[in-house]
Amino acid sequence: MSEQEREIQESGFTNCDVAARVDGVHVLGGLHGDPLTIARLTGAITRYDPDVVAVEACAEAISQYHPDVQDARWPPRDELEAAAYATDRLYDLLLAGIDTREYEHSADFERLDREIFADLGIIDSPDDLTRATYYELDLPTIREWRAITKARSPNAFATVLAERDAVMAGHLHALANDEDIGTTVAAVGVQHLTGVIDLLRTPWEIPDDLVEIPPLEHYRLFPRDSPWSSAT
């Protein structure tokens with residue numbers, strides 16, 4: 001694999017900094033199930049007309065929204081359902097789950113976030129943390145937040161963040177190298193954002209066994225001119 005560092009660029013989609021692009025992969029950081037994350041994802045699908053929409057979910061999770069199982073509804077409950085709704089209505093859009101299977105952890109990440117953000121001066125006190133706080137972060141601050149999280153809870157950081165960063169980056173890198181895929185829009189948890197894009201920037205650091213095309217769903221039930229835009 002050629003060790004040529006890729007460039008991390010602005011995604012160009014939103015006014016907030018919790019997003020980035022590496023080559024043809026747009027990665028949006030967000031909070032799972034949050035209306036703003038859902039809106040940003042659906043907006044990115046509309047703007048970039050991707051070949052693949054990828055979400056932080058395992059293959060089993062995305063398969064539950066195949067039309068043979070159940071229809072995704074609108075408004076969606078989370079970004080997975082939003083992506084499935086789009087896949088059901090955009091004829092050539094593929095849906096990918098880029099995360100591992102479900103996992104369990106005992107770390108209190110909310111408590112850590114409150115303490116770390118207060119220490120960094122992002123909020124005045126731990127009690128001031130809100131969901132909006134996460135959308136005010138930029139990439140350097142996310143990296144600093146991750147570094148402190150790693151120092152304070154190294155085992156949880158490794159299993160909940162770093163290992164899954166590598167899995168998601170491996171899947172996205174494989175999609176980017178597929179000659180039939182030009183653009184991918186991905187939605188990941190905000191604390192995964194820099195972990196994923198930094199690996200996409202230096203893909204030789206991704207373990208070879210993780211660089212593989214993830215399972216893809218294609219519904220292909222409706223033509224391209226179906227009323228997706230009216231829903232978004």
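Good morning, colleagues. Please bear in mind that we are looking at a predicted model.

I begin with the interior. In soluble globular proteins, nonpolar side chains tend to be buried together. In this model, the largest nonpolar core comprises 43 residues. Val27, Phe117, Ile142, Trp145 and Leu172 are the members with the most contacts inside that core. Helix α7, spanning residues 154-177, supplies the largest share of this core, namely 9 residues. Apart from this core lies another one, of 25 residues, which includes Ala57, Ala84, Ala86 and Ala187.

Let me stay with tryptophan 145 for a moment. Leaving aside residues up to four places away in sequence, tryptophan 145 touches Asp113, Ile116, Phe117, Leu120, Tyr134, Leu137, Val190 and Gln191. Two of these names return when we turn to the rings: Phe117, Tyr134 and Trp145 are linked into a cluster by ring pairs.

How many aromatic pairs does the structure hold? There are 4. One of the pairs joins tryptophan 74 and tyrosine 85, with ring centres 4.8 Å apart. Their planes meet at 45 degrees, so the pair is classed as tilted. Tryptophan 74 sits in the loop between α2 (59-63) and α3 (79-89), whereas tyrosine 85 belongs to helix α3. The two residues are 11 residues apart, and the pair thus links distant parts of the chain.

Are these two partners buried or exposed? Tryptophan 74 has 30% relative accessibility and therefore counts as partly exposed. Tyrosine 85, at 11%, falls under the 20% limit and so counts as buried.

I now move to the helices. Helix α6, residues 139-152, packs against helix α8, residues 193-201, at an angle of about 105 degrees. Their axes are 9 Å apart. That angle lies within the range of 65 to 115 degrees, so α6 and α8 are roughly perpendicular to each other. On the α6 side, the residues in contact are Leu139, Ile142, Arg143 and Arg146. On the α8 side, they meet Leu193, Thr194, Gly195, Ile197 and Asp198.

With a relative accessible area of 2%, aspartate 165 is buried. Beyond residues up to four places away in sequence, aspartate 165 touches Arg146, His192, Gly195, Val196 and Leu199. Among these, Arg146 and Gly195 also take part in the contacts between α6 and α8.

Thank you for your attention.

Notes
Residues are numbered from 1 along each chain as its sequence is written. This is a predicted model: local features need pLDDT of at least 70, side-chain atom pairs count only at pLDDT 80 or more; totals for chains, interfaces and linings use all residues. Side-chain values use heavy atoms; hydrogens and water are left out. A nonpolar core is a set of buried Ala, Val, Leu, Ile, Met, Phe, Trp, Tyr and Cys residues joined through side-chain atoms within 4.5 Å. Buried means under 20% relative accessible area, exposed over 50%, partly exposed in between (1.4 Å probe, protein chains only). Helices (H or I, at least four residues) and strands (E, at least two) are DSSP runs, numbered from the N terminus. Contact means heavy atoms within 4.5 Å. Rings of Phe, Tyr and Trp (its six-membered ring) pair if their centres lie within 6.5 Å; planes under 30 degrees apart count as stacked, over 60 as edge-to-face and the rest as tilted. Axes are lines fitted to C-alpha atoms, for helices over the stretch in contact, and angles run from 0 to 180 degrees between N-to-C directions. Angles under 35 degrees count as roughly parallel, over 145 as roughly antiparallel, 65 to 115 as roughly perpendicular and the rest as oblique.
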